Amino acid sequence: MAESSIDLDTADLARACQDRYTALRQDAPLVQCLTNFVSMNIAANVLLAIGASPAMVHATEEAPEFARMAGAVVVNIGTLSAPWLESMLLTAASARQAGVPWVLDPVAHHATAFRRDAVRQLLALQPTIVRGNASEIIALAGGHSAGKGVDARDAVAQAEQSARAIAAAHGTVVAVTGETDYVTDGQRSVHITGGSPMMPRVTATGCALTAVVGAFAAVSKDDPYIAAVAALSCFAIAGERAGALAEGPGSFAWRFLDALAALEPDSLTRASLLR
């Protein structure tokens, strides 16, 4: 078992992430995704590339039952509708009751009253991890964000205080993604460097990352903070490798998938990502 909830220095944290990735490759956890129409295909392919098993099960009639057998549940409100929201609430509640970690991606939650109310209800079900861009996290904490729709218009550094506040108020881990990522559980925190400027130019990359956070949460039930750091580290390394060879967003997309599939657990300790 890797290190748990005591403060870790960056070297120890990287080793803990490596251990989690080894476990993920061995266990191939089942990740149930209630995600948006735009991201379903890329999220499924990214989960397969990382070594997990995707299940895009979202119907109200079966999703809550399915959650009890999943390794983790991911809820992404990108293409939200009333039936989907009902299923998300029931499934998150079922996961929580069964002790299954669940991850919330509050896509553009600040854009409309419907989305704001949806996220309020979902947060009340205590997600294990929340993953969002800086604008989403600032707005989630009640601050004024410059975000427009799904686009982040705020720097990650501006969202760090908001992330800590959300983590403390809801007993969750918060992962803020951007040029340099930030993860906190309200007490511990770390920055993650790497990635590529191409990543925001490929649709649903962030949504796929949330699915990978779920995969790591499935093998890190003792410490979801490590799960979030490990997932973001894998994306940072693969993004950097793919970006170095890509000629544009199209070639980046397939190179990124290949880079994830080629990633080895010890890559997480050989790369100097954590600050």
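**Close-up 1. Valine 174 and its partners on either side.** In this predicted model, valine 174 stands opposite threonine 184 in β7. Valine 174 of β6 is also the bridge partner of valine 130. Strand β5 (residues 129-133) runs parallel to β6, with five bridges between them. Strand β7 (residues 181-184) pairs with β6 in the antiparallel sense, over three bridges. A hairpin of three residues makes the link from β6 to β7.

**Close-up 2. The two faces of β6.** Which way do the side chains of β6 point? Val173, Ala175 and Thr177 point one way, while Val174 and Val176 point the other way. Five of the five residues of β6 are buried, so the strand is largely enclosed by the rest of the structure.

Close-up 3. Step back to the loop between α7 (156-170) and β6 (173-177), and you will find threonine 172. Is threonine 172 buried or exposed? Its relative accessible area is 2%, and because buried means under 20%, threonine 172 counts as buried. A polar atom of its side chain lies 3.0 Å from the backbone oxygen of threonine 128. Leaving aside residues up to four places away in sequence, threonine 172 touches Pro127, Thr128, Ile129, Val130, Ile166, Ala167, Thr184 and Asp185.

**Close-up 4. The largest pocket.** Now look for open space: the largest pocket has a volume of about 1,000 Å³. It is lined by 37 residues, and those closest to its centre are Arg131, Thr177, Met199, Pro200 and Gly206. Elements giving two or more residues to this lining are β5, α6 (134-140), α8 (205-218) and α9 (224-245). Which element gives the most to the lining? That is α8, with four residues. By class, the pocket lining divides into 17 nonpolar, 13 polar and seven charged residues.

Close-up 5. How can empty space be found? Rolling a probe the size of a water molecule over the atoms shows where such space is left. The structure holds one cavity of 30 Å³ or more, and about 30 Å³ of space lies in the largest cavity. Around the largest cavity you will find Ala14, Cys17, Ser233, Leu268, Ala271, Leu273 and Leu274. Six of these lining residues are nonpolar and one is polar, with no charged residues.

Notes. Residues are numbered from 1 along each chain as its sequence is written. This is a predicted model: local features need pLDDT of at least 70, side-chain atom pairs count only at pLDDT 80 or more; totals for chains, interfaces and linings use all residues. Side-chain values use heavy atoms; hydrogens and water are left out. On a 1 Å grid over the protein atoms alone, a cavity is a set of points where a 1.4 Å probe fits but cannot get out, and a pocket is an open set with protein on both sides within 12 Å along at least five of seven lines; lining residues have an atom within 4 Å of a point. Grid points are joined across faces, edges and corners, and a volume is the space filled by probe spheres set on the points. Ala, Val, Leu, Ile, Met, Phe, Trp, Tyr, Cys and Pro count as nonpolar, Asp, Glu, Lys and Arg as charged, and the others, Gly among them, as polar. Buried means under 20% relative accessible area, exposed over 50%, partly exposed in between (1.4 Å probe, protein chains only). A polar contact is a pair of N or O atoms within 3.5 Å; within protein, one must be able to donate a hydrogen and the other to accept it, and residues adjacent in sequence count only if both atoms are side-chain atoms. Contact means heavy atoms within 4.5 Å. Two strands pair if DSSP finds at least two bridges between them.
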